[in-house]
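Reader: I have a new model on my screen. Please show me how to read it, one feature at a time.

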Amino acid sequence: MANIDRKNVERIIQAVGGKDNIEAATHCVTRLRFALVDESKVDSKALDENDLVKGQFSTQGQFQVVIGPGLVDQVYDEMLKITGGARASKDDVKTLASKKQNPLQRAIKTLADIFIPILPAIVMAGLLLGINNILTGPDIFYAGQSLIEVHPQWADVASIINLIASTAFAFLPVLIGWSAVRQFGGSPLLGIVLGLILVNPDLMSAYQYADAKLAGTVPVWNLFGLDVEKIGYQGQVLPVLVSAYLLAKIESFLNKRVHDSIKLLVVAPVALLVTGFLAFIVVGPITFAIGNVLTSGLVSIFDSFAALGGLIYGGLYSLLVITGMHHTFLAVDIQLIGSQGGTFLWPMLALANIAQGAAALAMMFVAREQKAKGLAVTSSISAFLGVTEPAIFGVNVRHRYPFIFGMIGSGIAGVILAINNVLASSIGVGGIPGFLSIFPNQWGIFFLGMAIVLVVPFAGTLLYGKYRMSKTGLAVNAEAEEPKKEAVQPQSEVQANSGKLPIDIAAPLSGEIVSLSEVPDPAFAEKQMGQGIAIVPSEGKVFAPFDGTVAHLIKSKHALILTDTNGIQILIHVGINTVSLKGEGFTAHVETGASITKGQLLLEFDMERIEQAGLPVITPVIVPDGQDVIEQVKEYEGPAVHSDTTVLQVTLR
Ligand SMILES: OC[C@H]1O[C@H](O[C@H]2O[C@H](CO)[C@@H](O)[C@H](O)[C@H]2O)[C@H](O)[C@@H](O)[C@@H]1O
């Protein structure tokens, strides 16, 4: 690795607003992470012009300057020497950075962080409920009758499917309790128990509450003259969220004060007792009422300004996906389903997914290069099945106009869905399977919306893309976007062309090799640190791709830098933002400095743990820039078998 120029480090300090503007700084394997006093003092142009800097962006109150593996430690050390500042941990910077977010931003992020880990359970339940809807809904296969009415032998099959499907919704407070207490720093197990308390079958179900209230038959406990309603909180979000917060705080209060020898006897029982009483006496009734007021407020706004609401939510939903804020609306969907029996927001989400997929698909006909075409197709399939990041980041945002046509299509469809009050009975799989979650009597309108989000973004992108090509004479392809990238050629051709020795680098993981552009982190996706590929792993194991040494095993064990016998360095970064797991779920079998042999097991990681934390497991494998020995890097795609499939080919000078 090249030596760093101190002057460039000084320029970085100046560009981020000088020493006094740096509240704390740390670094991970690839970038400097700053908590800055005032981000408006950052001179982006100066950073762009700095040779050491590969990229810059601000996220969640942190300002990140991408330097690249190998160099970043040196730059960080030099920076500390210059500023005289103290080393900070990632947590220090994270805490300071989150203070920079306003309370609303923090609340949004916390909500999203709570709901992301439970999303798979809810989506699974929604899909099964959709199947149940098809079996039990009238007029789908037979006029005026449902399939199980005509074929009663299927009735119990539908009933079992319904039971399996509705469990995640019926016990939703348990899922939220687990995730929320974990997020608030308490014991997830107590969160589960809290959720179970709130839906205990001894309580009257929240779904029967309205009728019982009218009839005056709500059961109560009498606590020394105080009547407390004995009701459960099925389908409610706020009661369990607030109770989970209290539980986590009470638990950590007690943990700090109670002696270790009696912790087991005191902490959990007291925390649960206090929270349980508070939940039924105060928190539950108040938040239940607030939840109902908020949802009916939102419903009446949509009743009065349906078209505008549909245009805004449908049109801008994909922008929310870019910011990651979209998961916050899961809480609103769930609350709407719990208190109104259906959500009008989710159908627009499903169509917004399709719209981005259709726009990406059109790029297949605009792009000329095979790889760009391939990316357009695969990413659009993913969007049609409810996951849009590959289409949005990999294709649409890079060319801008497909993203805009996607938003136009989903805005128009949003208006149509909103004015017809199309509802989803549950949250399901977004994109095309989304119709399964829509009340079957509204499929007609939903399919009309689907036609719009297929046609408008596709036609708009295709026509505008062709027009642009005819104006500029340029084909849109990967090379046009990424001038440095080389096309993949057969090995023999490379040897013949360059006359230099190409070195094959084997896959360090088994799975699917994809383009770096599919990595949901701009530092990798935009190749700010170097060329490479990413692997969507099929198992949580990293193997040595060559004989060499471990140049650096990152403390939190989520990333490794390896050097081969020719001096080529590669970075393997397991997952995205996995530094936040602080080594949890990672087991290293080697240390920094160890010699390695091709095929040797280096690291194991728990894919489920990473996914539960809401983090992607996609693993970039890059050849960091700045290696003077390297002339060119070629990238391969397709299925990968560790230690066998070639993922990269490096030609030395
Ligand atoms: O909110 C429920 C939906 O959640 C997922 O989709 C949303 O998040 C995805 C991942 O960030 C994103 O790609 C997609 O555009 C969002 O709509 C899930 O994939 C959907 O099936 C689910 O309905």
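**Reading helix 11**

Author: This is a predicted model. Start with helix 11, residues 206-215, where Ala-206, Tyr-209 and Ala-212 are buried.

Reader: How wide an arc do they cover around the axis of helix 11?

Author: They span only 85°, which means that they sit on the same side of helix 11. The general idea is simple. An α-helix has 3.6 residues a turn, so residues three or four places apart point the same way.

Reader: Which exposed residues are on the face turned away from the buried side?

Author: Asp-211, Leu-214 and Ala-215.

Reader: What covers the buried residues of helix 11?

Author: The cover includes strand 6 and helix 13, residues 263-304.

Reader: And the two ends?

Author: At the start of helix 11, look at Ser-205. One of its side-chain oxygens comes within 3.1 Å of the backbone nitrogen of Tyr-207. Just after helix 11, Gly-216 has a positive phi of about 70°.

Reader: Which residues other than glycine have a positive phi?

Author: Take two. Asp-139 has a phi near 70°. Asp-139 sits in the loop between helix 6 and helix 7. Phe-224 has a phi near 50°. Phe-224 belongs to the loop between strand 5 (220-223) and strand 6 (226-229).

Reader: Is Phe-224 buried or exposed?

Author: Apply the cut-off: exposed means over 50% relative accessible area. Phe-224 has 89%, so Phe-224 is exposed. Asp-139 has 56%, so Asp-139 counts as exposed too.

Reader: Now a residue on the other side of the scale. Is Glu-635 buried or exposed?

Author: Buried means under 20%. Glu-635 has 6% relative accessibility, so Glu-635 counts as buried. Glu-635 lies in strand 18, residues 630-635.

Reader: What does the side chain of Glu-635 reach?

Author: Look for polar partners. The side chain of Glu-635 makes a polar contact with the side chain of Gln-531 at 3.5 Å. The side chain of Glu-635 also reaches the backbone nitrogen of Gly-532, at 3.2 Å.

Reader: Let's turn to the ligand. How many residues are around it, and which come nearest?

Author: There are 18 residues around the ligand. Tyr-317, Gly-386, Thr-388, Glu-389 and Gly-428 come nearest.

Reader: What is the make-up of that shell?

Author: Sort the residues by type. The shell has 10 nonpolar residues, 7 polar and 1 charged.

Reader: Which helices each supply at least two residues of the shell?

Author: Helix 6 (119-136), helix 14 (306-323) and helix 16 (346-366). Helix 16 gives the most, with 3 residues.

Reader: Which side chains have polar atoms by the ligand's oxygen atoms?

Author: Check the distances. For His-327, a side-chain N or O atom is 3.2 Å from an oxygen atom of the ligand. Trp-346 has a polar side-chain atom 3.0 Å from a ligand oxygen. Asn-353 has one at 3.0 Å from a ligand oxygen as well.

Reader: How much of the ligand's accessible area does the protein cover?

Author: On its own, the ligand has 480 Å² of accessible area, and the protein covers 91% of that.

Reader: Last, zoom out. How many helices and strands are in the protein chain?

Author: The protein chain has 24 helices and 20 strands. Of its 653 residues, 51% count as buried. Its accessible surface is about 28500 Å², and 61% of that belongs to carbon and sulfur atoms.

Reader: And what share of the contacts with a separation of 6 or more joins residues 24 or more positions apart?

Author: The share is 72% in the protein chain.

Terms used:
Residues are numbered from 1 along each chain as its sequence is written. This is a predicted model: local features need pLDDT of at least 70, side-chain atom pairs count only at pLDDT 80 or more; totals for chains, interfaces and linings use all residues. Side-chain values use heavy atoms; hydrogens and water are left out. Helices (H or I, at least four residues) and strands (E, at least two) are DSSP runs, numbered from the N terminus. Buried means under 20% relative accessible area, exposed over 50%, partly exposed in between (1.4 Å probe, protein chains only). Contact means heavy atoms within 4.5 Å. Accessible areas come from the Shrake-Rupley method with a 1.4 Å probe; for residues, only the protein chains shown count as cover. A residue is near a molecule or strand if one of its heavy atoms lies within 4 Å of it. A polar contact is a pair of N or O atoms within 3.5 Å; within protein, one must be able to donate a hydrogen and the other to accept it, and residues adjacent in sequence count only if both atoms are side-chain atoms. Ala, Val, Leu, Ile, Met, Phe, Trp, Tyr, Cys and Pro count as nonpolar, Asp, Glu, Lys and Arg as charged, and the others, Gly among them, as polar. The arc is that of the directions from the helix axis to the C-beta atoms.
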